[in-house]
Amino acid sequence: MSENFHYDVFLSHSSKDKAIVHELAERLRADGVRVWFDDGSATQTEISNALEQSRILLLAISANASESDWVEFEHQTVLFNDPTNKQRRFIPLKIDDSESKFHLKKFAYIDWRNHDEEEYQRLLSVIFEGEDKIEPPKTQRELDMKIKTVRILKGHQKAINSDTVSSDGKFIVSGSSDETMRIWDLATGQCLKTLVGHSDSVLAVAVSSDGKFIVSGSSDETVRIWDLATGQCLKTLVGHSDSVWGVAVSSDGKFIVSGSSDETVRIWDLATGQCLKTLVGHSDSVWG
């Protein structure tokens, strides 16, 4: 197993499936697997850090998963579905007869409905041997082969959590857990600027429709407005009390909307940075 990661397996699950998944976690640990398992006490920052330090994402799929669970699952799989990162693996774990949602349908899975010993040994083989024993359906592989990589943009030191393309199609903006954003020339792949200012992971980025401003959200609980041309931070918007997972700019360029783990949505005036409204009603994290 790779020593580049602190954990071999990150076990992700709905809180309602805690007992089933905890039993599997303990069994894997007894067999020498380094498992990260949230017993319900972990903070969002601890969860994000554990994801970055894990080689395999093992995702328990069940009817107990709520809509908010599925949004979080989708977010978690991004890091493990990067085709350029050959060291990471994503393995769905089916624990009941429910249908999986969103893009998870394309993956083969470990069948843990009956706690079958053969399936458990198959899981261990993938973890210890690193062999591609769990493959997506052949039709999906054939589709993937038709996608041509034009270029790979390298520069970030940690996971890339969000990216967007400017409306004129000239720039890519990416946000990373290395606490920076980068502006890339889409035509050449060259990094034009590195934006430094956030004190924790950058989780969300957006570009105004006129291409003048970048907006970012971070685990440091702030929203920032940047000048795309210079890379200068123009304003830091303070108000959220937890990680900011989603940001957007209205089409007229007047407003910013942000969603946070503090369970609120905030509307900001882009010109002044003032918080105009706080929308309350969600009972869990707002992801986008």
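Close-up 1. Everything here comes from a predicted model, where local features need pLDDT of at least 70, side-chain atom pairs count only at pLDDT 80 or more, and totals for chains, interfaces and linings use all residues. Residues are numbered from 1 along each chain as its sequence is written, and side-chain values use heavy atoms, leaving out hydrogens and water. Glu-117 and Arg-27 join their side chains in a salt bridge, 2.4 Å from N to O (a side-chain nitrogen of Lys or Arg within 4 Å of a carboxyl oxygen of Asp or Glu). This pair links distant parts of the chain, with Arg-27 in helix H1 and Glu-117 in helix H4, 90 residues apart. Arg-27 is partly exposed too, because its relative accessibility is 29%.

**Close-up 2. Helix H4 from end to end.** Helices (H or I, at least four residues) and strands (E, at least two) are DSSP runs, numbered from the N terminus. At the start of H4, the backbone nitrogen of Glu-118 lies within 3.0 Å of a side-chain oxygen of Asp-116.

**Close-up 3. The buried side of H4 and its neighbours.** Among the buried residues of H4 are Tyr-120, Leu-123, Leu-124 and Ile-127. The buried residues of H4 pack against helix H1 (18–30) and against strands S1 (7–12), S3 (54–61), S4 (89–94) and S5 (110–111).

Close-up 4. Side chains of opposite charge can pair when their charged atoms come close. Glu-119 and Arg-122 meet in a salt bridge of 3.0 Å, N to O. Both residues lie in H4, three residues apart, which is about one turn of the helix. Glu-119 counts as buried at 14% relative accessibility, whereas Arg-122 is partly exposed at 26%.

**Close-up 5. Arg-113 and Asp-97.** These two form a salt bridge, with their closest N and O atoms 2.8 Å apart. Arg-113 sits in the loop between S5 and H4, and Asp-97 in the loop between S4 and S5, 16 residues apart. Arg-113 is partly exposed at 32%, while Asp-97 is exposed at 61%. The structure holds seven salt bridges.

Terms used: Buried < 20%, exposed > 50% of the residue type's maximum accessible area, 1.4 Å probe, protein only. Contact = heavy atoms within 4.5 Å. Polar contact = N/O pair within 3.5 Å; in protein donor to acceptor, adjacent residues only side chain to side chain.
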